[in-house]
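Please read the following briefing alongside the sequence and the coordinates. It is organised by topic.

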Amino acid sequence: MGDADVRLSTVSTDGAKLGGLIPAGSMKKEDGKTALVGKWKIPNVDGAVTLEVTGTSVKSVEAPFGNQPLMGEIEESEDMLG
């Protein structure tokens with residue numbers, strides 16, 4: 001199986017502590033959740049991607065990445081969204 005065959009269906013959350021990575025001056029988490037919703041242009045992706053936020057999950061309506069959506073999780077342990 002090559003890399004092109006790998007399909008992720010969940011978001012890994014076992015990475016670095018985000019508190020040390022979020023830059024000063026970032027928006028509050030709730031403001032960030034609101035700002036993420038809508039259409040976004042991603043470099044090297046045809047057309048716009050529409051993001052939806054449900055709870056802590058971020059997911060694109062479209063599936064531009066090998067017929068898979070963009071997926072993300074908002075870290076609940078931090079007050080800021082960086």
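The points below take the sheet, its hairpins, the helix and the nonpolar core in turn.

This is a predicted model, in which local features need pLDDT of at least 70, side-chain atom pairs count only at pLDDT 80 or more, and totals for chains, interfaces and linings use all residues. Residues are numbered from 1 along each chain as its sequence is written, and side-chain values use heavy atoms, with hydrogens and water left out. Helices (DSSP runs of H or I, at least four residues) and strands (runs of E, at least two) are numbered from the N terminus.

**Sheet**

- An open sheet is built from four strands in the order β2-β3-β4-β5, with antiparallel pairing, where two strands pair if DSSP finds at least two bridges between them.
- Because β2 (38–41) and β5 (71–73) stand at the edges with a single partner strand each, one side of each is left without a neighbour in the sheet.
- From one strand to the next the twist averages 30°, taken between axes that are lines fitted to C-alpha atoms, with angles running from 0 to 180 degrees between N-to-C directions.

**Strand pairs and hairpins**

- β2 pairs with β3 (residues 48–54) in the antiparallel sense over four bridges; G38 has L51 as its bridge partner in β3, and K41 has A48.
- Six residues lie between the strands in the hairpin of β2 and β3, where N44 takes a positive phi near 65°.
- β3 also pairs with β4 (residues 57–60), again antiparallel and over four bridges, and L51 has S60 as its bridge partner in β4.
- The hairpin of β3 and β4 has two residues between the strands, and G55 in the turn has a positive phi of about 65°.

**Helix α1**

- In α1 (residues 29–36), K29, G32 and K33 are buried, that is, under 20% relative accessible area, whereas exposed means over 50% and partly exposed lies in between (1.4 Å probe, protein chains only).
- The face of α1 turned away from the buried side carries the exposed residues E30 and T34, while the cover over the buried residues includes β1 (27–28), β3 and β6 (80–81).
- K29 has a relative accessible area of 10% and is therefore buried; leaving out residues up to four places away in sequence, K29 touches I74, E75, E76, E78, D79, M80 and L81, with contact meaning heavy atoms within 4.5 Å.
- After α1 comes G38, whose phi is positive, near 130°.

**Nonpolar core**

- The largest nonpolar core has six residues, I42, V45, V49, L51, V58 and I74; such a core is a set of buried Ala, Val, Leu, Ile, Met, Phe, Trp, Tyr and Cys residues joined through side-chain atoms within 4.5 Å.
- Apart from neighbours within four places in sequence, I74 is in contact with K29, K33, L36, V53, T56, V58 and L81.
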